[in-house]
Amino acid sequence: MANTYILIASQTLGSTAASITLSSIPSTYKDLMLYMSARTDNNGNQNVSIRFNGDTATNYSTRRLYSANSGGTAADSTSGTSAGAGTAHLGSAIGNNNSAMLTGNFGATFNYIANYSDGSLAKTIASTGGFINTSAAVSASREWTGGYWSGTAAISSITLLPYQAGTNFLAGTTVSLFGIG
Amino acid sequence: MPTATYELISTSTTSGTVSSITISSIPSTYTDLVLVTSGTTTSAGQLIYRMNNDATGGNYTTTNWFQSNNSVSNNTSSGLPGAYIGNYSVSGRAQDTLHIANYKNTSMWKTFYIYGGAGTSVGDFITSGGIWKSTAAISSIVMLVNGANFTTNYKVSLYGILAGS
């Protein structure tokens with residue numbers, strides 16, 4: 001059987017947490033696929049941020065394309081801002097804790113990291129995701145993101161954080177990491 | 001035993017600056033294809049994918065939503081010598097993921113979806129859907145950059161996905 005799309009790690013939060021870390025990622029595969037279903041205690045939309053190998057330096061940048069409720073917006077960001085210091089954005093906004101957000105409503109993000117085990121090249125990540133709030137005050141967000149980390153080491157750990165400083169992932173937030181190729 | 005899927009068919013890395021990258025001899029084993037590319041180009045230019053080396057512009061149409069220089073745009077592309085469904089990055093590697101459904105089906109045109117691009121400010125980021133107006137099974141893919149070249153260490157990996165029976 002081909003050694004592909006194999007589950008490497010999975011976590012589901014039983015309580016509120018400021019971050020989620022997946023460590024000891026083997027260099028066995030070619031690419032990684034990271035799935036996340038998330039909600040934070042922030043009173044408003046926000047993104048998930050990602051950090052590789054514990055690198056908190058300003059070695060990340062992101063190019064974003066998103067639509068919140070309607071229209072389209074482009075945005076660039078570089079690391080060193082808010083709680084996303086030393087991180088790159090992942091698409092998308094995730095479920096928040098606004099009073100209009102229905103209980104159990106989470107956002108989803110799918111993130112592909114090519115050539116993660118290459119120890120000589122900078123790393124790239126392509127993300128997509130979104131959420132919809134099905135309460136009376138319907139809101140939604142959909143996002144696509146290109147991310148760049150200038151680190152050339154093979155990725156051995158991934159840390160996920162809410163973008164806004166001082167906010168946390170809520171219980172029920174899940175992360176699954178798969179190795180591909 | 002579960003059916004093996006999302007299998008690596010081929011992978012390549014450029015050893016110098018090249019004008020095109022060809023993935024050939026694609027087997028008819030799978031149902032869908034996923035092409036993952038990453039790297040930089042020598043200058044700005046549209047990333048083009050040509051199926052079976054079909055260079056007839058009228059055989060491709062794509063609808064694109066993208067951001068360039070922090071500005072959102074959209075267009076429908078046709079007439080290029082391939083499908084304009086990609087993007088470039090001159091500084092800092094860019095990553096594309098191209099999905100091609102039913103690539104070996106000889107009774108329908110081929111459809112594809114792509115998203116990806118630069119994570120830095122020197123390149124575009126795009127999400128696109130498109131068609132190749134041919135019923136031929138896809139056996140090769142040629143990648144080009146319109147008016148530019150691929151630089152060293154441009155990586156291309158082709159995966160096959162087999163639908164369950």
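Me: Which backbone nitrogen lies 3.3 Å from a polar atom of the Gln95(B) side chain?
Reply: That's the backbone nitrogen of Ala114(A). Keep in mind that this is a predicted model.

Me: OK. And which side chain has a polar contact of 2.6 Å with the side chain of Gln95(B)?
Reply: Thr124(A). The two side chains are joined by that polar contact.

Me: Where is Gln95(B) found, strand or loop?
Reply: In a strand, β8 of chain B.

Me: Buried or exposed?
Reply: Gln95(B) counts as buried, because its relative accessibility is 1% and the cut-off for buried is under 20%.

Me: What else is Gln95(B) in contact with, leaving aside neighbours within four places in sequence?
Reply: From chain A there are Tyr112(A), Ile113(A), Ala114(A), Thr124(A), Ile125(A) and Ala126(A). From chain B you get Thr37(B), Ser38(B), Tyr115(B), Gly116(B) and Gly117(B).

Me: Let's zoom out to the interface. How many residues does the contact take from each chain?
Reply: 38 residues from chain B and 39 residues from chain A.

Me: What's the area buried between them?
Reply: About 2900 Å², and carbon and sulfur atoms give 65% of that.

Me: How many salt bridges and polar pairs across it?
Reply: The rule finds one salt bridge between chain B and chain A. That one pairs the side chains of Asp118(A) and Lys155(B), at 3.4 Å from N to O.

Me: Which elements of chain B give two or more residues to the side that touches chain A?
Reply: They are β1 (7-13), β3 (32-39), β5 (60-68), β6 (71-78), β8 (94-101), β9 (110-118), β10 (125-132) and β12 (155-161).

Me: And how do the residues on that side of chain B divide into nonpolar, polar and charged?
Reply: There are 15 nonpolar, 19 polar and four charged.

Key: Residues numbered from 1 in each chain as written. Chains lettered and ligands numbered in written order. Predicted model: local features only at pLDDT ≥ 70, side-chain atom pairs only at ≥ 80, totals over all residues. Heavy atoms only, no water. Contact = heavy atoms within 4.5 Å. Buried area = accessible area lost by both parts, 1.4 Å probe. Salt bridge = Lys/Arg side-chain N within 4 Å of Asp/Glu carboxyl O. Helix = DSSP H or I, 4+ residues; strand = E, 2+ residues; numbered from the N terminus. Nonpolar A, V, L, I, M, F, W, Y, C, P; charged D, E, K, R; others polar. Buried < 20%, exposed > 50% of the residue type's maximum accessible area, 1.4 Å probe, protein only. Polar contact = N/O pair within 3.5 Å; in protein donor to acceptor, adjacent residues only side chain to side chain.
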